[in-house]
2 protein chains.
Amino acid sequence: MLVGYQSWAFPSNPMILSTAVIGGPMEGRGPLADEFDLLHSDLRMQQKSWEQAERMLLDETCAKAIEKAGLSKDNITFFIAGDLMNQIISSSFAARTLSMPYLGIFGACSTSMEGLALASLMIDADSARYVMTGTVSHNAAAEKHYRYPTEYGAQKPPTAQWTVTAGGAAIVTANDGSGNHPIVTRATVGRVIDMGLTDPFNMGAAMAPAAFDTLVSHFRDFDLAYDYYDLIITGDLGKVGHRILLDLCEQHDVPVPRDRFKDAGMMVYGDIPDVWSGGSGCGCSASVAYGYVQRQLREGRVNRVLMVATGALLSPISYQQKETIPCIAHAAAMERGEGRKS
Amino acid sequence: MLVGYQSWAFPSNPMILSTAVIGGPMEGRGPLADEFDLLHSDLRMQQKSWEQAERMLLDETCAKAIEKAGLSKDNITFFIAGDLMNQIISSSFAARTLSMPYLGIFGACSTSMEGLALASLMIDADSARYVMTGTVSHNAAAEKHYRYPTEYGAQKPPTAQWTVTAGGAAIVTANDGSGNHPIVTRATVGRVIDMGLTDPFNMGAAMAPAAFDTLVSHFRDFDLAYDYYDLIITGDLGKVGHRILLDLCEQHDVPVPRDRFKDAGMMVYGDIPDVWSGGSGCGCSASVAYGYVQRQLREGRVNRVLMVATGALLSPISYQQKETIPCIAHAAAMERGEGRKS
């Protein structure tokens, strides 16, 4: 149901039946290591190429989500997925493995919440029984495609971010009041915001205004109190972008309490050195949303979380052609579901 | 509303308020030239690069669709778009120009019907006021990205297809019974079908089984008579893929009357030499669906059209890594709308 200008309310409270997150070696060193269903110690994951490793990561993440839901793949009505590779090839290969009706999406690192918003819309509109939405990123595959082959050993500035190696998937279905499943209550579709930045080693700064735009639109569309959410998780803005977002909120009198803000790019790696400003990639917000956030909601530590996933919609070609970086953020609200049927 | 396994019915009969199609020089030589709102005689379109030309083509197609609808861009709730470029950069740049909430999608050449299906779903679910969906492809940009730079002058086999230079866009809204607008009644989301083919110069053969799978699923899900549609337009299968699809129908006893089948890849260029098996690209099915089909429905020459847009979900990298070509087809049914409110 459309609310305001660009948001959806989901009055039937679609529930997140299961989620799965699988990571790589660097993710195992971070403070959220326990939130992953599985951590690979080998970045190659016994595959012949980085691309194949990324694909396998999404395959096994989806298989895990299906298993945790107690379903078989035949039960899933639609698979909605996207990733950072050219022509979202990891998702399309996963869709081939899964052999279920498939809708490819692209929102760069905001893909996780684009997928969750669409999945929830379909469930709320009685247009699917189970929707699985997933995304993936792989550090070495992304470095190879977007920047330099890591073998070059190029130095990076402190504003750079480290692409998270992780797959994340969620299965959304109609709320039957059973279990203790988090629910999806609202979503806001973002606009493309481009402040003219061109530096792919400072994506946090480029994306922060998009996160701000979607955040403000969300509160406006639903006329919510600024302290409604216990937690607002942006990302992947990293330390640099996070600071800019807080500044933007202050400058424009958006009184969300500062301590409610977290950023997935900062959460996933904590104080690990070598990741510069923090984590990034499709797997960053996905692993936080489908790992950490799910547990927080299931265990009742928080009741309402707004996930504002940000994406830098650049391609290596647009960068080479000296274009600026168009950015976007999609938001979805997840709430504690216990006892709350539609 | 979910129907069968993988289809949506749209009981409110969302209407296609306006469409626009803009093409290039080769499209102006084809039999559908009159169906374009505008034809560029210069493939470069006064831009500095093929990529910029493609982007401009989508920009102006969207502007034209908005103008023809009598709307301003502020009226559009959501823009759903995708294209063939890496990270669908043409669509993201168009979304920046349009400054409207944006959902990026990817279905390669099936993008047109993926977008129309999602747009219709949103309207039917009362989740948007106006949804614009668009896609674009540009011959030289696609050649550069997917095959050889055209300057190499490489010869192609007769199974190859010519990427259509065209943008296509449609604006979908709730049916208020006004005007003579075609309506969207049904859609079927395709599964990825991969028969193990690896030749990017024979995409029609790779995609035909996907078209067949979606076609059969559509008739099964809705339990429709095989002669229900006046016209079933696949594409872009081209001559080679079209013949394979007809053979598949015969082998599997799918008695759709043969003369009801057309293929967008064959329609757009007719008997023009130099296009081998026919047209392809996101702009192929989009320009036929949003040009020719709209006029046929508006003028009452046909009443029911099923568009089965096919996509080859390969990337240049997956091809180089000797992967097979995963294919998909998404179908949407458009019908004559005059006098038919929900």
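Residues are numbered from 1 along each chain as its sequence is written, while chains are lettered from A and ligands numbered from 1 in the order in which they are written. Because the model is predicted, local features need pLDDT of at least 70 and side-chain atom pairs count only at pLDDT 80 or more, whereas totals for chains, interfaces and linings use all residues; side-chain values use heavy atoms, with hydrogens and water left out.

In soluble globular proteins, nonpolar side chains tend to be buried together. Buried means under 20% relative accessible area, exposed over 50%, and partly exposed in between, with a 1.4 Å probe and protein chains only.

His330(B) belongs to strand 15 (residues 327–335) of chain B; helices (H or I, at least four residues) and strands (E, at least two) are DSSP runs, numbered from the N terminus. His330(B) counts as buried because its relative accessibility is 2%. A polar atom of the His330(B) side chain lies 3.0 Å from the backbone nitrogen of Gly190(B).

On a 1 Å grid over the protein atoms alone, a cavity is a set of points where a 1.4 Å probe fits but cannot get out, and a pocket is an open set with protein on both sides within 12 Å along at least five of seven lines; lining residues have an atom within 4 Å of a point. Grid points are joined across faces, edges and corners, and a volume is the space filled by probe spheres set on the points. The largest pocket holds about 400 Å³ of space. Of its 16 lining residues, the closest to the centre include His145(A), Tyr146(A) and Pro316(A). Helix 10 of chain A gives the largest share of this lining, 4 residues.

In the whole structure, 6 cavities of 30 Å³ or more are found. The largest cavity has about 190 Å³ of space, and among the residues nearest its centre are Cys109(B), Arg147(B) and Met203(B). The second largest cavity has a volume of about 120 Å³, and its 14 lining residues include Cys109(A), Arg147(A) and Met203(A).

Some backbone features complete the description. A cis peptide bond joins Gly235(A) and Asp236(A), with omega about 20 degrees, and Asp236(A) sits in the loop between strand 11 (231–235) and helix 7 (238–251) of chain A. In chain B, the peptide bond from Gly235(B) to Asp236(B) is cis, with omega near 15 degrees. Ser99(A), a residue other than glycine, has a positive phi near 55 degrees and lies in the loop between helix 3 (89–98) and strand 6 (102–104) of chain A. Lys322(A), which is not a glycine, has a positive phi of about 65 degrees. Lys322(A) counts as exposed because its relative accessibility is 73%.

Technical notes
A polar contact is a pair of N or O atoms within 3.5 Å; within protein, one must be able to donate a hydrogen and the other to accept it, and residues adjacent in sequence count only if both atoms are side-chain atoms.
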